[in-house]
Amino acid sequence: MAASEEKNKGIQKAILSVAIIICIGYAFIWVMLPTKLYRQSWQPKIRAQTNSTYFGTQGATMLLYTFPVLLVAALGCLYLHVGRNSSHSSTNKADEKIQGLSEWKRPVIIKVLGIVSWIELAFLVMFIALLVWSFSNYLSISFASITPKSAARTGEKVWQAKLEAAGLRLGLVGNICLSLLFFPVTRGSSVLPLFGLTSEASVKYHIWLGHITMALFTAHGLCYVIFWATTHHISKMLEWVNTDISNLAGEISLAAGLGMWATTFPSIRRKMFELFFYTHYLYILFVIFFVFHVGISYSCIMLPGFYLFLVDRYLRFLQSRKHVRLVSARLLPCETIELNFSKSQGLRYTPTSILFVNVPGISKLQWHPFTITSSSSLEADQVSVMIKGDGSWSKKLYQILSSPNSPDRLDVSVEGPYGPASTHFLRHDLLVMVSGGSGVTPFFSIIRELMHKSQSSESKIPQVLLISVFKNSSDLTMLDLILPISGAQSELSKLRIQIEAYITREKQPPALENNKNNVQIKWFKSNHTDQPMTPILGHNNWLWLGAIISSSFILFLILLGLIIRYHIYPINQRTDNDYPYWKKAVFFMLFICISIVIAATAGFLWNKRNINAKEAKQIQNVSGASPNFQWSYNAEREMESLPQQWLAQHTNVHFGQRPDLKRMLLEHKEESVGVLVCGPKKLRHDVAKICTSASSANLHFESISFSW
């Protein structure tokens, strides 16, 4: 077993090395793109070698910008497949030190960005440097050719010609950001986990890129509007030219982008989340009219990120078409719900993963992400998520399930789960988990995973200190979800855990007669249309994803090549006018969609046919045997059970005070202390500051994303 894991790690290192080399080459192309050397020497030679009657001038663009990224995505699929059977949790404390990454992963607090690692900050600085380098090179080359004489030939002033040149170059630089914009929101991406990232944790990169992209594109549009107005050509705003840049299409794309951008600012997003959610569907118009605006050749630069996003989006669509089997729900007095779904034993996920949930009875369009509280190692047949009733959607769900006439069955669809490819919790001597409110949610899955590891693993399991801060004593019932419904004493005996719970708004425990901390458990009836959660592409899902990406792109190239060679090229040869750009763009986008639909549907149906029917039937039978009734228990009385006794013995509750985090963190002198924090912004910043102090060399900080 050890030899096999070493072999797999060797293969993974080789794949990762090749992927990194490709990425370095891809970045080098971006660096060289605005230079004279590239424009006047390299690009003509590349186009001469790749120009053909099948792909035309866009052949070079696809070779340089699309193919390398899709190759990295395919390599990522292979990398993740090889590592699938390896342990999800690294136990080697020296891994980061050997790679020289330990210090670079330490947190730094930037006012505008929040908590970032030195690695993230370094890459951000390099990216900004790339944008500045590109813009300055574009300007210096274009301004050098603008003289009073050249401007006069077109009836312009020098400043007007320079304004137009600057506007064009702002658009070119904005396309650099656009080419990366969709990677962080591709939930099932093989590129992100290849480099140790997750979609949930990478949302901040999408936000940064979105702001920069729209700022550059807005400046691009304003420059042209001012230029047209001052040169008395404002009518050009309505131009839709068949064989050149279509101004009207660009303005429609920009308007759609501004509609999205306006709702992304925190003050609007938090107060009107549904407005933010629905306006983001404008990305469809944004991309379509962007392609109409610049043509298919230039669109190939931003194509790979969006192509992978479309593959993922369509696979999620296929997964969401079925209703999953909802087994039970635990309803807490703090308006919190734990939903328990049936799953196949082949569906595995890592701690801190998230699941997107849709309840058509509340809204057919809204999908909400929730952090998984279960462990696929400990609970082979179920997936659990916790939902806090803080928004209108979650409050409506709580009202439905807690009402006296609550339904005995609920239609639910899911997407996911999505999470890190592996975790590194076991490499620490001590895990300190700091949470505020419902930020405790992701720690449940970690603790349950450690419960399983303490029984089945020969490696040393780290000691756990959970520091949870709540506003009210009713929120304490959230800690009951540390234990699964089927929790047994044997699962807990070897786990060394201490829980310090702090109630900030109450100075003493509530009187017994006022303590209404009843937890309800509701069991749901089964239906023949409900199915257990299964991997969307089967047990070898990463291999299948790689096959879908590769085959769909090959099919796209075939379709595009045929239409250019046997339809577009003959028309260009017979007439003096070029084939309309917008018609080429229609074929381009249509063939992308057709190729992805054919490849992904074939992979989905093949795996659906080959799902282990016996396993699915067994899960249905076990789930169906659950009692179809609702009952409740008092938290005090239930402590008499062995698991609840164990939980009470390891929990200290402090009323009317907050934890002294600095003392509690710095007093631990173990060689490696993992500090995980999840909760409000101030709490995360306070813990990050402590972990960056000179006396905290043994503290390894990590901010955990959560959804509830």
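User: What do the numbering and the values rest on?
Analyst: Residues are numbered from 1 along each chain as its sequence is written, and side-chain values use heavy atoms, without hydrogens and water. In this predicted model, local features need pLDDT of at least 70 and side-chain atom pairs count only at pLDDT 80 or more, whereas totals for chains, interfaces and linings use all residues.

User: Why are helix 2 and helix 3 called roughly perpendicular to each other?
Analyst: The axes of helix 2 (residues 36-50) and helix 3 (residues 58-82) cross at roughly 110° and come within 8 Å. Angles of 65 to 115 degrees count as roughly perpendicular, and the two helices are therefore described in that way.

User: Which residues of helix 2 and helix 3 meet?
Analyst: Tyr38, Ile46, Arg47 and Thr50 in helix 2 meet Gly59, Ala60, Leu63, Leu64 and Tyr65 in helix 3 (contact means heavy atoms within 4.5 Å).

User: What makes the pair of Phe277 and Tyr278 edge-to-face?
Analyst: Rings of Phe, Tyr and Trp (its six-membered ring) pair if their centres lie within 6.5 Å, and planes over 60 degrees apart count as edge-to-face, under 30 as stacked and the rest as tilted. For Phe277 and Tyr278 the centres are 5.2 Å apart and the planes stand at 80°, so the pair is edge-to-face.

How values were computed: Axes are lines fitted to C-alpha atoms, for helices over the stretch in contact, and angles run from 0 to 180 degrees between N-to-C directions. Helices (H or I, at least four residues) and strands (E, at least two) are DSSP runs, numbered from the N terminus. Angles under 35 degrees count as roughly parallel, over 145 as roughly antiparallel, 65 to 115 as roughly perpendicular and the rest as oblique.
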